[in-house]
Amino acid sequence: MRLKELRKNNKITQLKLAMDLNMNQNSISRYETGEREADYATLIAFADYFGVSIDYLLGRTNNPKINR
């Protein structure tokens with residue numbers, strides 16, 4: 001998952017991301033390390049937050065744009 005890359009490129013700390021999405025900072029860390037997998041609602045929240053597609057977030061495409 002490209003969560004850490006997106007977060008760092010946007011200069012956002014794990015704590016800020018967690019607070020903005022009403023999550024726990026420890027959960028963000030576990031998603032970034034692959035220790036935990038995000039459910040659908042969490043994937044949608046991350047994609048919406050960064051304005052990218054879920055496919056981009058998951059590394060299935062290099063195009064961050066949302067195709068609708």
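Guide: A residue is called buried under 20% relative accessible area, exposed over 50%, and partly exposed in between. The model discussed here is a predicted one.

Visitor: Is Lys16 buried, exposed or partly exposed?
Guide: Lys16 is placed in helix 2. Its relative accessibility is 41%. This value lies between the cut-offs of 20% and 50%, so Lys16 counts as partly exposed.

Visitor: How far apart are the C-alpha atoms of Lys16 and Val52?
Guide: Along the chain, 36 residues separate Lys16 from Val52.

Visitor: What percentage of the residues of the protein count as buried?
Guide: In soluble globular proteins, nonpolar side chains tend to be buried together. In this protein, the count is taken over 68 residues. The share that counts as buried is 32%.

Visitor: Is Leu57 buried or exposed?
Guide: Leu57 is found in helix 5. Its relative accessible area is 0%. A value under 20% meets the cut-off, so Leu57 is buried.

Visitor: Which residues does Leu57 touch, not counting residues up to four places away in sequence?
Guide: Leu57 and Lys4 are 53 residues apart in sequence, yet their C-alpha atoms are 10.0 Å apart in space. The residues that Leu57 touches, with those up to four places away set aside, are Met1, Arg2, Leu3, Leu6, Leu43, Phe46 and Ala47.

Visitor: With which residues is Phe46 in contact, leaving aside its neighbours within four places in sequence?
Guide: Beyond its neighbours within four places, Phe46 is in contact with Met1, Leu3, Leu17, Leu21, Met23, Ile28, Tyr31, Ala38 and Leu57.

Visitor: What is the phi of Lys11?
Guide: Most residues other than glycine have a negative phi. Lys11 is placed in the loop between helix 1 and helix 2, and it counts as exposed at 76% relative accessibility. Its phi is positive although the residue is not glycine, with a value near 55°.

Visitor: Where does Asn22 lie?
Guide: Asn22 is not a glycine, and it has a positive phi of about 55°. At 74% relative accessibility it counts as exposed. Asn22 lies in the loop between helix 2 and helix 3.

Visitor: With which residues is Asn62 in contact, leaving aside its neighbours within four places in sequence?
Guide: Asn62 is found in the segment after helix 5. It is exposed, with a relative accessible area of 65%. Leaving aside the neighbours within four places, its contacts are Arg2 and Tyr56.

Visitor: How far apart in space are Asp48 and Arg2, C-alpha to C-alpha?
Guide: Asp48 is placed in helix 4, and at 53% relative accessibility it counts as exposed. In sequence, Asp48 and Arg2 are 46 residues apart. In space, their C-alpha atoms are separated by 14 Å.

Visitor: How far apart are the mean positions of the positive and negative charges of the protein?
Guide: The protein has 11 positive and 8 negative charges. A mean position is taken for each of the two groups. The distance between these mean positions is 6 Å.

Terms used. Residues are numbered from 1 along each chain as its sequence is written. This is a predicted model: local features need pLDDT of at least 70, side-chain atom pairs count only at pLDDT 80 or more; totals for chains, interfaces and linings use all residues. Side-chain values use heavy atoms; hydrogens and water are left out. Contact means heavy atoms within 4.5 Å. Buried means under 20% relative accessible area, exposed over 50%, partly exposed in between (1.4 Å probe, protein chains only). Lys and Arg count as positive and Asp and Glu as negative; His and the chain ends are not counted. The place of a charge is taken as NZ of Lys, CZ of Arg, CG of Asp or CD of Glu. Helices (H or I, at least four residues) and strands (E, at least two) are DSSP runs, numbered from the N terminus.
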